[in-house]
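Subject: Structure handover

Hello,

Here is the structure you were expecting. My notes on it follow below.

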Amino acid sequence: MTPKFAALAAVLTLTGATAFAEVDASALDIDGDGKVSMEEMLAEFPELTADQFSAVDTDADGFLTVEEIEAGDAAGLLPASE
Ligand SMILES: [Ca+2]
Ligand SMILES: [Ca+2]
């Protein structure tokens, strides 16, 4: 690996870590019931559509868990947060 590619890899790793940390899923759970509703998601993601919510809600129970949000964020399913 050349120094140039090593630097690029370091930047990509850093960028990925930063993007992953952007969504603090536990902070989205406003009422503290352990899951995040569409209303709670809209407080952080005003641009979120019902289709996007459904795509992140992998078990289709109508609520998002921290795991679902983190997976959805990593997959680029969430819009930019405010
Ligand atoms: Ca909640
Ligand atoms: Ca769910």
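Helices here are DSSP runs of H or I of at least four residues, and strands are runs of E of at least two, both numbered from the N terminus. This is a predicted model, in which local features need pLDDT of at least 70 and side-chain atom pairs count only at pLDDT 80 or more, while totals for chains, interfaces and linings use all residues. Residues are numbered from 1 along each chain as its sequence is written, and chains are lettered from A and ligands numbered from 1 in the order in which they are written.

The protein chain has five helices and zero strands, in the order α-α-α-α-α from the N terminus on. Of its 82 residues, 12% count as buried. A residue is buried if 20 or more other C-beta atoms lie within 10 Å of its own, exposed if 12 or fewer, and partly exposed in between, with C-beta atoms placed from the backbone.

Back to helix 5, which spans residues 66-74: its buried residues are Glu68, Ile69 and Gly72. Seen down the helix axis, they fall within an arc of 95 degrees, so they line one face of helix 5. The arc is that of the directions from the helix axis to the C-beta atoms. These buried residues pack against helix 2 (25-28) and helix 4.

Glu68 counts as buried because it has 20 C-beta neighbours inside 10 Å. Not counting residues up to four places away in sequence, Glu68 touches Val56, Asp57 and Thr58; contact means that the two C-beta atoms, placed from the backbone, lie within 7 Å. Glu68 and Ala25 are 43 residues apart in sequence, and their C-alpha atoms are 9.1 Å apart in space.

The largest nonpolar core has seven residues: Val36, Met41, Phe53, Val56, Leu64, Ile69 and Leu78. Such a core is a set of buried Ala, Val, Leu, Ile, Met, Phe, Trp, Tyr and Cys residues joined through C-beta atoms within 7 Å. Leaving aside neighbours within four places in sequence, Val36 is in contact with Ala25, Leu28, Asp29, Met41, Phe63, Leu64 and Ile69.

Glu47 sits in the loop between helix 3 (38-44) and helix 4 (50-56). Glu47 is exposed, because 11 other C-beta atoms lie within 10 Å. From Glu47 to Ser81 is 34 residues in sequence and 8.4 Å in space, C-alpha to C-alpha.

Regards
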